[in-house]
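Me: I have a structure open here and have never looked at it before. Can you take me through it?

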Amino acid sequence: MAERDAGAGQFGRDAERLRTEPGPDLAGMVDRVSEAPVKICIYPGCDRPAVPPHPLGGPQPSFCDLEEHNALTAHQERRRLEREARRPANNDGKEVR
Ligand SMILES: [Zn+2]
């Protein structure tokens, strides 16, 4: 009997935790958007400004107006760069001259 009670108590605690998390996070995001209107494309190595937010509202895209720069290609490029960075062979054996 006592075991059953403990289980129910734990479940209740988890549910409360989930409920409180999104609150402060959302408020922070709204504040940031209004203070920083200039956003730079997050594609690796790209310095172009991100596409401006839609005049009717909505979140600003994180990428510039290049078609190749989107969430998928940025992810692939990051993985490629990571893989290349893990190979130390290039700079070690050869002298670059
Ligand atoms: Zn870009």
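This is a predicted model: local features need pLDDT of at least 70, side-chain atom pairs count only at pLDDT 80 or more; totals for chains, interfaces and linings use all residues.

Reply: Start with one pair of side chains. Because Arg80 and Glu84 are four residues apart in helix 3, about one helical turn separates them. Their side chains meet in a salt bridge, 3.7 Å from N to O. A salt bridge here is a side-chain nitrogen of Lys or Arg within 4 Å of a carboxyl oxygen of Asp or Glu.

Me: Where is confidence lowest and where is it highest?

Reply: pLDDT is the predictor's confidence in each residue, from 0 to 100. In the protein chain the lowest mean is 54, in helix 2 (residues 22-35), and the highest is 97, in helix 3 (residues 71-85). The chain as a whole has a mean pLDDT of 76, and 53% of its residues reach 70 or more.

Me: How many helices and strands are there?

Reply: The protein chain has four helices and zero strands, so read along the sequence the pattern is α-α-α-α. Helices (H or I, at least four residues) and strands (E, at least two) are DSSP runs, numbered from the N terminus.

Me: How much of the chain is buried?

Reply: Of its 97 residues, 10% count as buried.

Me: There's a zinc ion. Which residues coordinate it?

Reply: Cys41 (SG), Cys46 (SG), Cys64 (SG) and His69 (ND1) coordinate the zinc ion, at 2.0 to 2.4 Å. Donors are N, O and S atoms within 2.8 Å of the metal (3.2 Å for Na, K and Ca); water is not among the atoms, so sites may look incomplete. Along the chain the donors follow the spacing C-x4-C-x17-C-x4-H.

Me: Why is the arrangement called tetrahedral?

Reply: Because the four donor atoms subtend angles of 102 to 119° around the zinc ion. Four donors count as tetrahedral if all angles lie between 85 and 135 degrees. For comparison, the ideal angle for four tetrahedral donors is 109.5 degrees.

Me: What does His69 touch?

Reply: His69 lies in the loop between helix 2 and helix 3. Leaving aside neighbours within four places in sequence, His69 is in contact (heavy atoms within 4.5 Å) with Cys41, Tyr43, Cys46, Phe63 and Cys64.

Me: With those cysteines, how many disulfides?

Reply: The count is zero disulfides, a disulfide being a pair of cysteine sulfur atoms within 2.5 Å.

Me: Back to salt bridges. How many are there?

Reply: The count comes to four salt bridges. One of them joins Asp65 and Arg48, at 2.5 Å from N to O. That pair links distant parts of the chain, with both residues in the loop between helix 2 and helix 3, 17 residues apart. Asp65 is exposed at 57% relative accessibility, while Arg48 is partly exposed at 36%.

Me: Last one. Where is Pro52?

Reply: Pro52 is in the loop between helix 2 and helix 3, and is exposed at 60% relative accessibility. Not counting residues up to four places away in sequence, Pro52 touches Gln60 and Pro61. Pro52 and Cys64 are 12 residues apart in sequence and 8.7 Å apart in space, C-alpha to C-alpha.

Methods:
Residues are numbered from 1 along each chain as its sequence is written. Side-chain values use heavy atoms; hydrogens and water are left out. Four donors count as tetrahedral if all angles lie between 85 and 135 degrees; four count as square planar and six as octahedral if opposite donors are over 155 degrees apart and all others between 65 and 115; anything else is irregular. Buried means under 20% relative accessible area, exposed over 50%, partly exposed in between (1.4 Å probe, protein chains only).
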